[in-house]
Amino acid sequence: MKKLISLLILTLLWTSTFSQSQTSERAKWFTDARYGMFIHWGLYSAAEGYWKGEKIRNDNDYAEWIFYRNSISKEEYVTLLDRFDWDKINPEEWVILAKKAGMKYVTFTAKHHDGFALWDSQASNYDLGDFTNHKRDIVKELAEACKKHGLKLGLYYSHWVDWEHEFGWDHKKELTGITPEQYNKYWQEKVIPQMRELLTNYGEISMIWFDMWIHHSQTVVTKEQLFQLKKLIRELQPNCLINSRLGLSIDEDPDVDFKELGDNSLGDKKEDFPWQSPATVAHSWGFHATDSEWKSTTTLLKALINNVSLNGNLLLNIGPRANGDVPWEIQQRLLEMGSWLEKNGESVYGAGAFDLPKNQHDWGKITCKKVGEKTTLYYHVFNWPLNKKLFVTGISSKPGKIWLLSNKEKNPLKFTHKGAYTEIELPDEQPDPFVSVIAAEYDLIPEISAGLVAKTKSGGYSFLPGNQITPAHSQFIVKKEKYGTIPEYLLVEKPETFTWKIFVDTPGKKHFDMSFSYQNESSNAAEIILQAAGSEISTLAKPTGKTVGEPNENWVIDNFASQRIGEINFSETGFYEIKMQIIPSANNILKFQWIWAE
């Protein structure tokens, strides 16, 4: 009976801890894939961010918005097609690049906000079929290439905004207005027929990527129109995924398959439903001639790993030129990511979140995968420790084996495990110049000790207002100001108690320092009392005075300074509570930042 209960508990623990419980059957491939390619390519690609010598009229430099931003006429805009090198353009090359990059799906801008369809549409005369000779259908070519190379195909379709159609929405209509009947004419004449074409003529479509970045209640689109569109997709392609930028939130309609975050917004919390970040390698989505804000390969890999560690996907954009070429800087980064995934993809594909806090460790992120009865945790080490030791805090189960994921022979790394602490001996040289991955295999689902402050890679403990186990009575945390020269702190106006929990792996004395700002110059100082391991130390907060935040700018701010509180002896290995009281004097305030123990 006890074994049965234990098994039930473990099963429940797995369900609540590892799986994305709000994932539909049709979205399971999506949560396994984790990584896809976004392709922004259209008439705007030939403008390259400039129209008649003038740069796009917005400092965000999104080249794909030049039709609207620079007030180009519909007739002039389409002349950009004359700059396309149709003999060279081969969408299969984009698909091959995606495959080499380790991506599992492609999402292509079939119709962006400019209203120009990149297929031979019968529902509009503003499309490639009416303006190319011989006729080109890029959606068809891309669909065939994806099928040939085994990648899923998604299509971007701008349903809300359309700058070409007389009654499509563009933001100039905030001045002129538009009636519901007029907008519905656009919807029924263009949106529904074109979506029917895309869902009927190109085989399996795995995803429709809509781009209404606000809720439908803030737009001209009605809820009924959105449900009409969704119904069409479900009828013609039952397995096709729909993102939340349809304009319906997941809370409003659970039938929406996944949540799409804001542009270049990475995940910051674990979610049980599928979600994705659309992101760029550079800045602009469509090709921009003077864009030079290239994210590094390391930055992009960290973005992917961060999202997977929180149960999310990354959709990474390329913006090819009008001849089909992908900028070299983008190709380089994608190929480097593909090479990394060849060795470390096991930690990404089919992996997900593990239930330790997202910032538990200062060395990187953890992803998790269960295969059969065994569970593997993947420690993505963003900063290779100089002491050649990896400290893992919060996992009370002992791993059976630990190895470098890039090591095909799985030669074991030495490690020690005590209580909720694992210490791994690392080789002198990190195995990967971008992100190195350590795999730790467990016979069962690893149990955690929640609420612990982790040992940092330098061997100390950082106690913050946000990682205590007992919330402070007044959680008035003031965010950093003045470009971070004033750090984040908790305002303590009355007696306050903080409690943290740690696991001490090696007995001995630890010194405690505290950083705070205290501007009281009188003799009525604030008292600080620290209790741990059966000991208590008490001290008075010394005034920290003022400092200059930025030279030569009259930038005088309250100073935050570190003060030694004292030392406490931890005589045994084990779990300890660290309790601190701050007792400010009457009518005085202490701004508490952190405690450091080492």
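# Exercises on a predicted model

The model is predicted, so local features need pLDDT of at least 70 and side-chain atom pairs count only at pLDDT 80 or more, while totals for chains, interfaces and linings use all residues. Residues are numbered from 1 along each chain as its sequence is written, and side-chain values use heavy atoms, with hydrogens and water left out.

**Exercise 1.** Locate Asn 383 and list its contacts.

*Solution.* Step one: Asn 383 is in the loop between β12 (374–381) and β13 (389–393); strands (E, at least two residues) and helices (H or I, at least four) are DSSP runs, numbered from the N terminus. Step two: beyond residues up to four places away in sequence, Asn 383 touches Asp 362, Trp 363 and Lys 457, where contact means heavy atoms within 4.5 Å.

**Exercise 2.** Describe the largest nonpolar core and the contacts of Phe 108.

*Solution.* Step one: a nonpolar core is a set of buried Ala, Val, Leu, Ile, Met, Phe, Trp, Tyr and Cys residues joined through side-chain atoms within 4.5 Å. Step two: the largest has 122 residues, of which Phe 108, Met 195 and Leu 334 touch the most other members. Helix α10 (residues 180–200) gives the most to this core, with eight residues. Step three: leaving aside neighbours within four places in sequence, the contacts of Phe 108 include Ile 39, Trp 41, Trp 94 and Leu 118. Apart from this core lies another, of 30 residues, among them Leu 530, Ile 537, Phe 570 and Tyr 576.

**Exercise 3.** Classify the aromatic pairs of Trp 41 with Trp 86 and of Phe 512 with Phe 570.

*Solution.* Step one: rings of Phe, Tyr and Trp (its six-membered ring) pair if their centres lie within 6.5 Å; planes under 30 degrees apart count as stacked, over 60 as edge-to-face and the rest as tilted. The count comes to 39 aromatic pairs. Step two: Trp 41 and Trp 86 are 6.3 Å apart centre to centre with 85 degrees between the planes, hence edge-to-face. Trp 41 lies in the loop between β1 (35–39) and α3 (44–47), and Trp 86 in the loop between α5 (74–77) and α6 (91–100), 45 residues apart. Trp 41 counts as buried because its relative accessibility is 0%. Step three: Phe 512 and Phe 570 form a tilted pair, at 6.4 Å and 40 degrees. Phe 512 lies in strand β22 (residues 508–518) and Phe 570 in strand β27 (residues 561–570), so the pair ties together parts 58 residues apart in sequence. Phe 512 and Phe 570 are both buried.

**Exercise 4.** Identify the backbone features at His 134, Lys 410 and Ala 533.

*Solution.* Step one: most residues other than glycine have a negative phi, and most peptide bonds are trans. Step two: a cis peptide bond, with omega about 5 degrees, joins Asn 133 and His 134. His 134 is in the loop between α7 (128–131) and α8 (138–149). Step three: Lys 410 has a positive phi of about 55 degrees and sits in the loop between β14 (401–404) and β15 (415–418). Step four: phi of Ala 533 is near 50 degrees, also a positive value, and Ala 533 is found in the loop between β23 (527–532) and β24 (535–540). At 30% relative accessibility, Ala 533 counts as partly exposed.

Note on methods:
Buried < 20%, exposed > 50% of the residue type's maximum accessible area, 1.4 Å probe, protein only.
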